[in-house]
Amino acid sequence: MAKKNASTVGDPQDSSTRSIMLDLNQPLPLLPLRDSLVLPGTSSRVLVGRHISLRAIREAESHHEGTMLLVLQRDSAIEDVKLEDLQPVGVVAHVLQVSMMPNGYCKVLFEGLFAADIREVRFNDEKKLDYLIASATPRDFYFDTSDSAQERARNVLEEFRKYAGQTDLPADLFDSLNEADVPLQIYFGIVPFLKLSIEEKQKLLEVTSVSDVADKVEGALQALQDVDALTRKMQSEVQRKAQQQQRDWLISEQIRLLQNELSTDDSTDSKVLEAKIKAKRFPAEIQEKLDEEISRMRLMPVASPEYALIRNYLDWFVNLPYGVYTDTELNLKTVKKTLDARHFGLDKVKERILEYIAVLKLNGTDRKAPVLCLVGPPGVGKTTLVSSVAKALGREYVRVTLGGVRDEAEIRGHRKTYIGAMPGRFVQALRRAKCMNPVILLDEIDKMASDFRGDPASALLELLDPEQNHCFSDHFMEVGIDFSKVMFIATANTEQDIPAALHDRLEIVRLPGYYKHEKLSIAENYLLPEVTEASGVKLGKDIEVPTKLVEKIIADYTREAGVRELGRLLEKIARSRAKEIVLGKKVKPEVTEAMLTQYLGAPRFTSNRLPAPGVYGRVTGLAWTSVGGEILSIECMLLSGRGQVILTGKLGDVMKESIQIAISLVRERLRRYGIDPMLVRKTDIHVHVPEGATPKDGPSAGIAMTLAILSAFTQIPIDPAIAFTGEVSLTGDLLPIGGLNEKALAAQESGVKTLYIPVENGKDVEELPEPAKKNLKINLMKHIDEIIKILLPVKKKVEKAAAEKPVAKKARKTKAK
């Protein structure tokens with residue numbers, strides 16, 4: 001055990017004399033040091049307790065005139081020290097004083113003489129293992145006293161003197177350093193005051209030239225000066241800011257006291273806020289809470305952060321339009337006229353709004369306003385319809401976008417104790433609306449997310465429940481806020497993405513995509529007047545777009561359920577005409593097909609996307625997506641193989657299961673066509689649905705899959721102008737599907753003439769518009785065999801042979817018996 005206790009600068013003259021006179025040809029006793037180091041030219045006390053260390057000190061005093069080697073251990077935890085456990089360079093030191101302690105330890109005062117390289121370490125007696133001895137070689141450069149070395153040492157000492165002038169170093173330190181005649185003694189005399197780690201001190205011992213020692217000491221001294229300068233600067237800055245804050249507080253207190261002396265009590269913040277709050281006539285529960293906060297505010301200084309927090313809290317209540325309601329338009333004819341003027345169709349939504357107004361007119365209260373959710377593909381006018389509803393009702397309109405919201409605090413707000421805390425979006429919406437009964441649009445309610453910060457959809461449950469939203473709890477407001485008279489209307493693209501609990505609180509109104517005749521009417525009566533007015537051209541005078549041209553734009557340039565892209569194209573035509581008018585070109589108002597190609601480019605789509613007829617194994621199916629309906633060309637190919645089923649086109653699990661059911665249905669019916677069902681085991685069935693990059697799933701392609709596989713086996717083609725949609729069970733029953741309106745729209749736009757659907761979808765057929773019913777021949781079927789008999793009929797000869805084959809087989813068995 002060896003611990004450093006103190007450090008002073010030794011006598012350089014005596015050190016030089018000893019180092020010159022010392023003979024290192026003989027091994028010296030070695031003292032391994034754990035966590036201390038004695039540098040050349042310095043004196044330090046070391047606490048010694050190990051047996052081998054005490055024996056080595058006695059040996060040095062008895063036979064070596066107190067001279068011994070001090071070497072630092074690489075690992076202080078090692079007890080049995082070997083050569084590899086020691087640093088390569090140690091210090092030859094002289095024992096000046098030994099003081100025994102009651103516990104058997106001793107404090108030894110060493111004077112470092114010079115550094116030496118350790119050559120060999122061993123025990124004095126391999127049997128007794130009393131103490132360690134070592135052979136060492138002194139470092140020659142230690143006594144370098146050249147003029148350049150002396151000059152540099154004096155410069156370093158002068159820098160150290162400047163640093164010491166700003167610290168509490170002993171005054172007699174520089175006397176001993178000035179008397180040193182060897183530069184290294186000056187450097188090592190400075191080192192104990194540079195706050196170096198023991199590893200850095202050991203590296204200093206291991207350098208091989210005086211200039212290297214000077215470089216390291218200068219670098220450490222410069223780093224220490226920089227740290228001290230930075231510390232002094234920070235202390236000065238902290239002191240300055242503290243003084244400034246104290247000064248500001250004193251000034252603000254003086255101003256407050258002067259204001260209290262000069263002004264009346266009624267003009268203070270608390271009095272003004274109290275008067276405004278009483279004028280609002282809040283319920284007793286809210287009034288009690290606000291009175292409590294005002295009482296707290298009166299006891300606080302104006303400069304207090306808590307004062308500003310309470311003031312902000314009270315300001316929100318003062319600016320909340322509590323008790324302010326706008327009058328609702330109760331004339332049904334006026335409301336209907338306003339809605340019809342801005343939107344074509346959408347009869348279900350308009351009817352629901354008129355029902356709400358009728359109930360409001362009879363009851364005279366809107367305590368339970370409806371919570372509607374408009375579900376439909378993009379571009380059908382969900383968002384603009386809500387603004388039209390607000391205008392028709394004569395109410396304020398506020399839009400709250402929920403797409404991408406994933407923090408519950410966006411709905412309920414933050415606790416007012418947080419810095420920058422605010423109420424949730426819906427309390428802010430009331431403040432923007434300046435009334436308590438606005439129409440609030442919850443846009444993209446199906447696109448909310450959730451993470452570690454909470455689930456905003458769950459926070460909406462209380463807000464959208466008519467039984468609870470009269471006392472909605474906002475974290476910032478800390479009291480119940482009445483939302484019962486607010487009319488909430490949400491929008492969504494996909495009903496399945498709305499959380500189940502939230503879905504239960506919504507009244508779903510589905511907005512289907514527009515048919516061709518509806519798009520035509522919207523374009524001529526709504527879009528064209530709007531885009532021409534926005535572009536500065538006059539409809540009828542500067543530009544005319546014939547009906548046939550609008551139909552061409554719808555058929556050849558758009559593929560959408562709504563009319564958003566159609567509006568962009570019409571706007572582009574209007575802008576092009578405006579450009580021609582500004583450039584002075586003389587053109588007729590009527591837009592021709594040649595002009596249309598010039599304005600919009602070549603057609604993007606063909607009017608008929610159906611594949612060529614006459615190919616067996618290919619059937620037209622229908623699919624529903626969040627942006628409308630689509631047609632699916634389902635293809636089947638039979639290959640010689642081992643009965644494997646190959647599926648391509650990025651099909652989902654449900655669609656894969658539909659294909660397995662279809663194969664089972666086909667195998668059971670192959671014998672009717674004179675085909676051995678065992679052929680399936682020798683045939684690979686490859687089913688593909690084009691547009692392979694698009695994921696596809698769902699059971700509604702069951703009918704089409706079954707007919708495609710059966711068509712491939714029987715080699716009977718099915719007309720692509722005939723489309724199918726519906727799920728099929730393992731027994732062949734046809735099960736109902738959804739999205740018939742969008743699918744029928746896609747079928748009609750693609751040139752499909754006949755549609756086969758399950759009989760249970762008959763109720764949906766009645767809701768289709770008349771043009772869809774007129775242009776599509778819709779067949780309601782109950783079983784898959786009903787469709788097979790019509791489209792894949794069995795020839796009479798084949799049917800007769802298939803019926804006789806089992807009879808002949810039975811006769812052969814009887815004869816064999």
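## Close-up views of a predicted model

View 1. Cys106 is buried, with a relative accessible area of 2%. Buried stands for under 20% relative accessible area, exposed for over 50%, and partly exposed for what lies in between (1.4 Å probe, protein chains only). Cys373 is also buried, at 0%. How many disulfides does the rule count? The count comes to 0 disulfides, a disulfide being a pair of cysteine sulfur atoms within 2.5 Å. Since this is a predicted model, local features need pLDDT of at least 70 and side-chain atom pairs count only at pLDDT 80 or more, while totals for chains, interfaces and linings use all residues. Residues are numbered from 1 along each chain as its sequence is written, and side-chain values use heavy atoms, with hydrogens and water left out.

View 2. Helices (H or I, at least four residues) and strands (E, at least two) are DSSP runs, numbered from the N terminus. Neighbours within four places in sequence aside, the residues in contact with Phe483 include Phe426, Leu430, His470 and Phe488; contact means heavy atoms within 4.5 Å.

View 3. Side chains of opposite charge can pair when their charged atoms come close. The structure holds 31 salt bridges, each a side-chain nitrogen of Lys or Arg within 4 Å of a carboxyl oxygen of Asp or Glu. In helix α7 (residues 210-262), Arg240 and Glu237 lie 3 residues apart, about one turn of the helix, and their side chains meet at 2.5 Å, N to O. Arg240 is partly exposed at 43%, and Glu237 is partly exposed at 33%. Helix α20 (residues 564-582) holds Glu580 and Arg577, again 3 residues apart, in a salt bridge of 3.1 Å, N to O. Are these two buried or exposed? Glu580 counts as buried at 8%, and Arg577 counts as buried at 0%.

View 4. Glu293 and Lys416 meet through their side chains at 3.9 Å, N to O. Glu293 is in helix α9 (residues 284-298) and Lys416 in the loop between α14 (409-412) and α15, so this pair ties together parts 123 residues apart in sequence. Glu293 is buried at 1%, and Lys416 is buried at 9%. Salt bridges with shared partners join Lys289, Glu293, Arg296, Glu306, Lys416 and Glu478 into one network.

**View 5. Two lysines with positive phi.** Lys434, which is not a glycine, has a positive phi of about 60 degrees. You can find Lys434 in the loop between α15 (425-433) and β10 (439-443), where it is exposed, at 62% relative accessible area. For Lys650, phi is near 55 degrees, also a positive value in a residue other than glycine. Look for Lys650 in the loop between β17 (645-648) and α22 (653-669).
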